[in-house]
Amino acid sequence: GESNAVVFSNSILGARTEKYADYMDICCAIVGKVPAAGMHLEENRKPQIVLDGTQLLKDIWDIVISERKKNEDDDRDDEIEFDLELLFPALGHLCGTLSDGKVPILLGFDGPSSISGWPSFVNQDHLKAFCAAFGTTGTSPLIHIAGITPEALDANAVDEFLESYNGQRIAVTSDDLLETFRALNTTISTTTDKKSKEKIDL
């Protein structure tokens, strides 16, 4: 299947599918079976690396709440929501890079800020953008997002996993996210280059 659709299906819908080569899907449909491998097996769907965005996502949500309180007249609500729309593709791209081919679990959307609204704020469009970006840099066909995706909704199950997990744990920082955004946003470098050229010409 198409890689971004596979990531979304596995992660957000809880489906069991794989990134098959051309015509493999057709062959599976004809015989009514798929190989007993990859994401079809429960043991292969378990997280293999922890991406901890707890502090990052808490800080972002705190800023959102602060800005909304300052603008109770709603004059800038659209601007705030638009800024948050940029978060998901950038974060997905970053998580794909950091996961290094392993099935990751992302922490943070389930943190203290969840009281204020991350789970209720995140919608399917956000998750489509996240998974599409994740699929461009990550080779894993699955990512778990604590508090959001179906296999990571149970807080107790996530806590039990983290208590027994002894593998790699990577902090997802604001510096990482900013670097990713700058790499994706060619407008910034183009504008900077033009300004630099103008200064040299003068």
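Angles between axes under 35 degrees count as roughly parallel, over 145 as roughly antiparallel, 65 to 115 as roughly perpendicular and the rest as oblique. This model is predicted, so local features need pLDDT of at least 70 and side-chain atom pairs pLDDT 80 or more, while totals for chains, interfaces and linings use all residues. Residues are numbered from 1 along each chain as its sequence is written, and side-chain values use heavy atoms, without hydrogens or water.

Helices (H or I, at least four residues) and strands (E, at least two) are DSSP runs numbered from the N terminus. Helix H1 spans residues 3-11 and helix H6 residues 124-137; their axes come within 8 Å and cross at roughly 125°. Here axes are lines fitted to C-alpha atoms, for helices over the stretch in contact, and angles run from 0 to 180 degrees between N-to-C directions. H1 and H6 are therefore oblique to each other. On the H1 side the contact (heavy atoms within 4.5 Å) is made by Asn 4, Val 7, Phe 8 and Ser 11; among the H6 residues in it are Leu 127, Cys 131 and Phe 134.

Buried means under 20% relative accessible area, exposed over 50%, partly exposed in between (1.4 Å probe, protein chains only). In H1, the buried residues are Val 6, Val 7, Phe 8, Ser 9, Asn 10 and Ser 11, and they pack against H6.

A nonpolar core is a set of buried Ala, Val, Leu, Ile, Met, Phe, Trp, Tyr and Cys residues joined through side-chain atoms within 4.5 Å. The largest one has 41 residues, of which Leu 87, Leu 91, Leu 106, Phe 109, Trp 118 and Phe 130 touch the most other members. Elements giving two or more residues to this core include H1 and H6, and H4 gives the most, with eight residues.
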